[in-house]
Amino acid sequence: MSVQAFCRRLPKAELHAHLHGSISTNTMQKLINDVSHTVDKSERDVWSTVINKEGKRTLHECFAVFKMIHELVTSKEALSMVTGDVIREFADDGVCYLELRTTPRPLKGISKRGYVDTVVAVIQEASNHLELPVKLLLSIDRRQSLEEALDTVEMTAEYQQKGDGVVVGIDLSGDPTKGDATTFLPALRKAREAGLKVTLHVAEVPNVAETLSLLEFGPDRVGHGTCLHPAQGGSDELVKCFESKKIPLEVCLTSNVKCRTVQSYDVHHFRDWYERGHPMALCTDDKGVFSTSLSEEYCVAHSKLNMSQVELWKLSLSTVDYTFVTDDLKRQLRHKWQDCKQNYFQQ
Ligand SMILES: [Zn+2]
């Protein structure tokens with residue numbers, strides 16, 4: 001079996017996927033077609049040209065795509081359509097457990113809560129016909145105020161208490177060069193008190209004091225963790241703290257290299273943490289904008305980081321331990337992984 005086929009068939013859990021950034025080129029084109037009566041053809045043609053460059057988009061063009069998506073997902077209908085497409089695409093890629101994250105925002109005619117209701121409804125609908133558990137994290141954007149963050153935590157707790165089991169936690173994300181993430185610690189503590197799971201984007205750029213405060217808070221997982229080591233602008237204290245707490249790390253290989261927070265795959269921090277036996281999960285971050293898939297991330301780990309197929313299998317299975325679900329669902333997921341192993345990999 002080729003590595004591509006192996007990674008495609010490998011059961012995978014996606015733990016770090018931003019809803020808007022996960023929108024594929026096909027869905028972006030649908031969004032562009034939907035505004036044909038309100039946006040000039042010349043502007044639509046510029047957008048189409050950029051999105052069709054896919055993997056060849058420059059970093060500047062990737063940021064332009066993010067901006068375009070935010071300009072086009074302005075209605076409940078568009079939000080429903082993109083959420084449904086994203087879930088289907090992950091399922092088609094062999095993803096067997098999916099956690100999406102999104103920042104609630106008011107759209108035409110709907111409030112932030114209406115936004116969350118819409119995404120939850122699509123997730124519930126998908127669960128009727130796909131064998132894919134999908135959970136949702138609500139994101140706090142670093143550019144927001146503490147008050148807005150507290151509102152997001154309150155809203156997340158309300159949805160969690162509704163008991164449908166879709167909304168499970170909080171994410172902190174956004175432009176790492178903006179704001180001070182420690183401002184949100186009171187909101188994060190409230191989230192924990194409410195029994196919500198918490199994952200934080202940390203150390204995407206060097207910032208020792210902020211990163212130390214976030215790690216000392218003790219999140220359930222962290223994203224990226226690029227600048228922990230002294231050689232990447234971190235410190236020995238950060239490495240020691242992260243290692244001793246064994247906080248699972250969401251690794252986004254393609255995203256890190258495309259965003260140039262990591263210069264190349266050869267110097268990616270994954271290998272160092274892998275050799276230390278640190279808990280890690282391969283994730284996509286923004287599969288649509290950076291033109292990747294979770295299967296592709298596993299292929300990259302094989303081709304650029306010398307991970308064998310056996311190592312990829314073990315890595316994928318261990319990811320189930322870091323999902324934000326009940327022990328019962330984790331057991332069911334492990335069974336699914338074992339079934340796939342028997343069906344595909346032991347012939
Ligand atoms: Zn992210």
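Reader: What makes strand β4 largely enclosed by the rest of the structure?

Author: In this predicted model, 7 of the 7 residues of strand β4 (residues 167-173) are buried, so β4 is largely enclosed by the rest of the structure.

Reader: Which way do β3 and β4 run, and how many bridges join them?

Author: Strand β3 (residues 134-141) and β4 run parallel, joined by 6 bridges. Pairing needs at least two bridges, and here there are 6. Within this pair, L138 stands opposite I170 in β4.

Reader: Why does F290 count as buried?

Author: The cut-off is 20 or more other C-beta atoms within 10 Å. F290 has 25 C-beta neighbours inside 10 Å, so F290 counts as buried. You will find F290 in the loop between β8 (280-282) and α13 (294-305).

Reader: Which residues does F290 touch, leaving out those up to four places away in sequence?

Author: F290 touches C62, T254, S255, K258 and D285.

Reader: Why is α9 called roughly parallel to α10?

Author: Helix α9 (residues 208-217) and helix α10 (residues 236-245) pack at about 15°, and their axes are 10 Å apart. Angles under 35 degrees count as roughly parallel, so α9 is roughly parallel to α10. The crossing of α9 past α10 is left-handed.

Reader: Which residues make that contact, and how do they divide?

Author: From α9 come V208, T211, L212, L215 and E216, while α10 brings E237, L238, C241, F242 and K245. These residues divide into 6 nonpolar, 1 polar and 3 charged.

Methods. Residues numbered from 1 in each chain as written. Predicted model: local features only at pLDDT ≥ 70, side-chain atom pairs only at ≥ 80, totals over all residues. Axes fitted to C-alpha atoms, helices over the stretch in contact; angles between N-to-C directions. Helix = DSSP H or I, 4+ residues; strand = E, 2+ residues; numbered from the N terminus. Parallel < 35°, antiparallel > 145°, perpendicular 65-115°, else oblique. Left-handed = near helix turned anticlockwise from the far one by under 90°. Contact = placed C-beta atoms within 7 Å. Nonpolar A, V, L, I, M, F, W, Y, C, P; charged D, E, K, R; others polar. Buried ≥ 20, exposed ≤ 12 C-beta atoms within 10 Å, placed from the backbone.
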